[in-house]
Amino acid sequence: MTVTDIDLSVEFAGLRLQTPIVLLSGCVGFGDEYTRVDGYSHEHVGAVILKGTTLEPRLGNPPHRIYETPAGMLNAIGLQNPGARHVVEHILPRLPHDKTHFWANANGTSPEEYAEVARIFDDSPVTAIEINISCPNVKAGGIHFGNDPEMAARVVEAMRPMTSKPLITKLSPNNADIAETARLVIEAGSDGLSVINTLVGMAVDVDKRIPVIANVSGGLSGPAIKPVALWKLHQCRAIAARHGIPILGQGGICSPRDAIEFAITGADAIGLGTGLFLDPLLCPKVLDGLRTYLERHGLGSYAELVGSLAS
Amino acid sequence: MFECEARIVAHAHHAGDQHILRLEAPSIAEHALPGQFVHVRVSDCHLLRRPVSIMLADAEKGTVDLLYKVVGEGTRVLAACQVGQQLSVLGPIGRPFDLGDAGSRYVLIGGGVGIPPMIFAAVRLVGFADCVLFAGSEVAFPFALRPSTMLLPGVQGNAILSIASLEDRGIPCRLASNAGLYGCFEGHVPELARQYLMALDEAERSRCVLLACGPHPMLHAVARLGRELDLPAFLSLEEFMACGVGGCAGCVVKTLEEGREHYRRVCVDGPVFPANMLPEFA
């Protein structure tokens, strides 16, 4: 077998992805931003997840929205988006849906809002809907849906009847029992999991004695969270495998080696986000690295590597 | 935009921790326009790239020149880079200054590390439209200076020095400083620009366009000057930046467009914005 024979396509929630790489929500705008970079190709990626979208337009947070931290970065963008209807009517029609999958990322402040966003995207060319359950539940005093397994499941339950498209729930690492949340969202009808969302953190401007991020807290991403992401993926793997539910593993993947670690731990697909900020042409490098590794280990496909972690 | 491994062909170190870096990056040099920047990966240990505005681009030689000042850890690492080393550089990025009206007189106002895009604009305007450059700094200018032989209306007293490379190209230029630097106007650079503008006759002044890059107090003063004299003003902004391609919406500035507030990305919607679009500078 040569590297050219290796099959990098994957099956994910009933969809055939041409590669296991998924570009993550919040890092790639509304799908076509990276086409500005010479050498970038949608054909290197299995799916592109669009920026988090709410029912109504949102202005987003004031700056500073981002800050570099050791081996990572904080962000608090505040879900800046033009609203689900605008995305469906004005943004999705201009994306090249024949080149790769484009997935929505649904957000809300109540299960009803999430459901309405799902209904709007159901009648659109996106082929799946990722659910960002790390949003505050306004009726529950602002507790994030994702921090409470029951509330997380209620979001999925509300969305499930609104769409026939695969629902992929993005799990937060900021709760006590991610495996229990995984179980409940799968039972509520989730077809896939994204593991993990960012960790919550903050940074301080010592000259002004204020938080650097205007929102005070932000989501920590990048290599700093990779070990956490691998552990959470490992914790979710058993329950997901038992239900035949795929996992999009993510959190600090910046190299082929990182991607291989996620695959071995059980990532049916691998998410690139912050890693693109280091290297906007990371995708072909990860694919080349995967092919070389698979060939060296006598494996014919990416799928054979997934979940091969020895106990 | 292009991502390339750019070789450092020169790296000059100046007073006040200012540094001029010349990179071999032919594709970037060929496409770069004044006001655009490059996003430099300073080391493998720093996650995010650093945006640095382009001071000159030589398409024939395939080089771009960057002037930067050490302001933090990333630029400190950059300052230690040696000639011959390679840096991953992404660019050119952003909407450039609009220099398209041959009938305008472009008044370029740069402060500190905001001077580089003004130099680039001035060089590109030679032979196309009139321009004049005013540069301000509180530390010694990192350029060869010499007394100007070009008269400028309204400019008086000590302000005799110009940037030699601009003087050679026939671009009128004067300098300002509050640090008592020899041959410079004593005061802030927008005040020097104001004296010049006030000395022009009404017809000449009305065809002026203000372009500025520099610290926020300077940009505020330029925006005020534009309003006072009813002249269009365009400001080049900075903000903490992550992707540099418009993907993350991390580097935003608030704008007011048709009565509605938006956050626009400094990287790809800017870095140049009309001053009257920015509530912060209203």
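In which sense do strand S12 and strand S17 of chain A pair, and over how many bridges? Before I answer, please keep in mind that this is a predicted model, in which local features need pLDDT of at least 70 and side-chain atom pairs count only at pLDDT 80 or more, while totals for chains, interfaces and linings use all residues. Residues are numbered from 1 along each chain as its sequence is written, chains are lettered from A in the order in which they are written, and side-chain values use heavy atoms, with hydrogens and water left out.

Strand S12 (residues 192-195) and strand S17 (residues 247-249) of chain A pair in the parallel sense over three bridges, where strands are DSSP runs of E with at least two residues and pairing requires at least two DSSP bridges. Within this pair, Val195(A) stands opposite Gly249(A) of S17(A).

Both strands belong to a barrel in chain A, which eight strands close in the order S3-S4-S7-S8-S11-S12-S17-S18 with parallel pairing, and the twist from one strand to the next averages 30°, an angle that can run from 0 to 180 degrees between N-to-C directions of axes fitted to C-alpha atoms.

Turning to the two chains, the contact (heavy atoms within 4.5 Å) takes 32 residues from chain A and 27 residues from chain B. Across this interface there are two salt bridges, each a side-chain nitrogen of Lys or Arg within 4 Å of a carboxyl oxygen of Asp or Glu, and Glu68(A) and Arg50(B) meet in a salt bridge at 2.7 Å, N to O.

Technical notes:
Helix = DSSP H or I, 4+ residues; strand = E, 2+ residues; numbered from the N terminus.
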